[in-house]
Amino acid sequence: MKSYAFYIHIVSLMIFQSCNNDNINTDEQLPDPHLVKEEMIRQNKEWHIIEDELVEAYVRRKRMNVLTTGTGLRYKIYKTTDTIKPTANTGDLVTLNYAIYLLENDSLCYSSEGVPETFMVNFDNVESGLHEAMAYLRAGEKAKIILPSYLAFGLIGDMDKIPPQSSLLYDVEILKIAKSKK
């Protein structure tokens with residue numbers, strides 16, 4: 001019975017002590033949100049520079065003659081078509097075959113496997129870099145598109161086959177562009 005009372009006394013002291021800690025000013029323990037934001041921005045800028053260097057090293061290693069857009073998207077059209085055909089605009093439906101590879105090791109992540117995918121440019125939930133690339137491609141063309149992570153699956157990847165902060169290589173064939181009816 002004495003040991004039971006002893007344990008109650010110990011638990012009571014622990015509860016009293018934990019209640020006493022509620023008066024601690026938590027503002028002193030938490031970092032300044034402005035400083036946290038600034039640090040995250042700094043780290044993101046550093047990663048952007050590193051990732052750009054990795055992509056450039058890949059392009060040199062593969063001897064790819066690519067065009068680079070202002071966002072960092074790189075592409076090479078390796079099968080051209082009639083330049084009279086229009087490229088895709090916002091709201092157009094694009095049908096394509098694709099294969100997605102990790103840039104770091106050229107491993108295949110996903111493929112349409114002959115079952116084309118259709119999406120609406122700048123509306124459907126596909127990678128922002130893929131939307132951007134459609135402005136440079138015409139129906140019948142094949143291209144390799146390199147998307148830095150921030151134009152692909154970003155900081156968290158796809159939680160399946162694409163790891164966080166992964167640059168990707170898309171090999172696409174544009175089958176059809178259906179112009180939107182404005």
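Which residues lie nearest the centre of the largest pocket? In this predicted model, the residues nearest the centre are Leu54, Val55, Leu103, Glu104 and Ser167, and the lining comprises 14 residues. The volume of the largest pocket is about 210 Å³. By residue class, its lining consists of eight nonpolar, three polar and three charged residues.

| Residue | Relative accessible area | Class |
|---|---|---|
| Thr87 | 18% | buried |
| Leu93 | 36% | partly exposed |

Thr87 is located in the loop that runs between strand S2 (74-79) and strand S3 (93-102). Thr87 is classed as buried because its relative accessible area of 18% falls under the 20% cut-off. A polar atom of the Thr87 side chain lies 3.3 Å from the backbone oxygen of Ala135. When neighbours within four places in sequence are set aside, the contacts of Thr87 are Asp92, Met134, Ala135, Tyr136, Leu137, Arg138, Ile177 and Lys179.

Leu93 belongs to strand S3. With a relative accessibility of 36%, Leu93 is partly exposed, because this value lies between the limits of 20% for buried and 50% for exposed residues. Excluding residues up to four places away in sequence, Leu93 touches Thr118, Phe119 and Met120, together with Lys176, Ile177 and Ala178. The C-alpha atom of Leu93 is separated by 9.7 Å from that of Asp124, a residue 31 residues apart from Leu93 along the chain.

How values were computed: Residues numbered from 1 in each chain as written. Predicted model: local features only at pLDDT ≥ 70, side-chain atom pairs only at ≥ 80, totals over all residues. Heavy atoms only, no water. 1 Å grid on protein atoms, 1.4 Å probe; cavity = no way out; pocket = protein on both sides within 12 Å on 5 of 7 lines; lining within 4 Å. Points joined across faces, edges and corners; volume = space filled by probe spheres on them. Nonpolar A, V, L, I, M, F, W, Y, C, P; charged D, E, K, R; others polar. Helix = DSSP H or I, 4+ residues; strand = E, 2+ residues; numbered from the N terminus. Buried < 20%, exposed > 50% of the residue type's maximum accessible area, 1.4 Å probe, protein only. Polar contact = N/O pair within 3.5 Å; in protein donor to acceptor, adjacent residues only side chain to side chain. Contact = heavy atoms within 4.5 Å.
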